[in-house]
Amino acid sequence: MTDLFDIRREYTQGHLDEKTAADHPLTQFHAWFEEFRATAPLEPTVMVLGSVDASGQPWQRIVLLKSYDEQGFVFFTNYESHKGQQFAANPKASLLFSWLGLERQVQVQGTVSRISREESAEYFHSRPLESQLGAWASRQSRPLPDRATLEARFAEVKAEYGDGEIPLPDYWGGYRLTPARVEFWQGGAARLHDRVEYSLTGHSWQKQRLNP
Ligand SMILES: Cc1cc2nc3c(=O)[nH]c(=O)nc-3n(C[C@H](O)[C@H](O)[C@H](O)COP(=O)(O)O)c2cc1C
């Protein structure tokens, strides 16, 4: 057994007070996101996306947050991927933002829905051309015999679309996760962490402090 018992640190950077936290969780998210982003992390928009398959098995993977507002959090992917198939059967999803440089995490639970084709097309065409071609070359999450097959497919689509506008594939686009619960966690000394939970009741957000 490799024991890691000695790896530990105290969390001392700050506090989060349920009384002064914003009334809307997206306002609080925005404030924390901007603070995290100012620390210049490698990939500030990284988040862990959770889904559940038909057997109840949870899945998780990293995706990139591409926009957010009071309606929710938008990311882009292949609608035929594992996650896409899981969302078609069960739209419940979670997000986890791990902002450990600030001793913080943010959890989100809610429901995903596809954004409009127009919104997806706008983002798709803002991507570098090679990324647009990559979306055509990859049948995300399906078995692939070898890397050469993928590279050959990329070369084919490059030859086909290389010079003109690359269309948005039918199977590719964005999802918006509409939150029903958001929790902000700030590490505290002696493991007395601050946790503020927002839950949606009807159209209004309630907040409360949780035990660490
Ligand atoms: C840093 C990073 C960023 C990623 N961003 C995305 C993304 O925005 N969209 C996406 O579909 N996959 C992204 N991936 C790949 C996913 O983690 C995952 O491998 C892929 O979406 C297939 O997941 P699935 O088989 O569960 O559907 C990213 C991976 C990493 C490590």
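## Residue F97 in strand β5

F97 is a residue of strand β5, which covers residues 92-99; helices (H or I, at least four residues) and strands (E, at least two) are DSSP runs numbered from the N terminus. The model is a predicted one, in which local features need pLDDT of at least 70 and side-chain atom pairs count only at pLDDT 80 or more, while totals for chains, interfaces and linings use all residues. Residue numbers start from 1 along each chain as its sequence is written.

F97 counts as buried because it has 22 C-beta neighbours inside 10 Å; a residue is buried if 20 or more other C-beta atoms lie within 10 Å of its own, exposed if 12 or fewer, and partly exposed in between, with C-beta atoms placed from the backbone. Not counting residues up to four places away in sequence, F97 touches M47, Q105 and V106, where contact requires that the C-beta atoms of two residues, placed from the backbone, lie within 7 Å. The C-alpha atom of F97 is separated by 8.6 Å from that of T45, although the two residues are 52 apart along the chain.

Strand β1 (residues 46-52) pairs with β2 in the antiparallel sense over seven bridges, pairing being assigned if DSSP finds at least two bridges between two strands. V46 has L64 of β2 as its bridge partner. Five residues stand between the strands of this hairpin, in which G56 takes a positive phi near 90°. Strand β2 (residues 58-64) is hardly covered, since the count of buried residues among its seven residues is zero.

## The ligand shell

The ligand is surrounded by 15 residues, of which R61, T77, S81, H82 and S141 are the closest; a residue is near a molecule or strand if its C-beta atom, placed from the backbone, lies within 6 Å of it. The elements giving two or more residues to this shell are β2, β4 (72-78) and α2 (82-89), and the largest share, five residues, comes from β2.

By residue class, the shell divides into seven nonpolar, five polar and three charged residues, where Ala, Val, Leu, Ile, Met, Phe, Trp, Tyr, Cys and Pro count as nonpolar, Asp, Glu, Lys and Arg as charged, and the others, Gly among them, as polar.

## Residue Q86 in helix α2

Q86 lies in helix α2 and counts as buried because it has 21 C-beta neighbours inside 10 Å. Leaving aside neighbours within four places in sequence, Q86 is in contact with S51, V52, D53 and W59. Q86 and P58, which are 28 residues apart in sequence, are 9.9 Å apart in space, C-alpha to C-alpha.

## Helix α1 and its cover

Helix α1 (residues 25-37) contains 13 residues and reaches 18 Å from its first C-alpha to its last, close to the expected 18 Å, a span defined as 1.5 Å times one less than the number of residues. Its buried residues are P25, Q28, F29 and W32. They lie on the same side of α1 because they cover an arc of only 100° around the axis, the arc being that of the directions from the helix axis to the C-beta atoms.

The face of α1 turned away from the buried side carries the exposed residues E34 and R37. The cover over the buried residues of α1 includes β3 (67-69), β6 (104-114), β7 (172-186), β8 (194-201) and β9 (204-210).

## The chain as a whole

The protein chain has five helices and nine strands, and its C-alpha trace spans about 60 × 50 × 40 Å along its principal axes. Buried residues make up 24% of its 212 residues. Of the contacts with a separation of 6 or more, 61% come from residues 24 or more positions apart.
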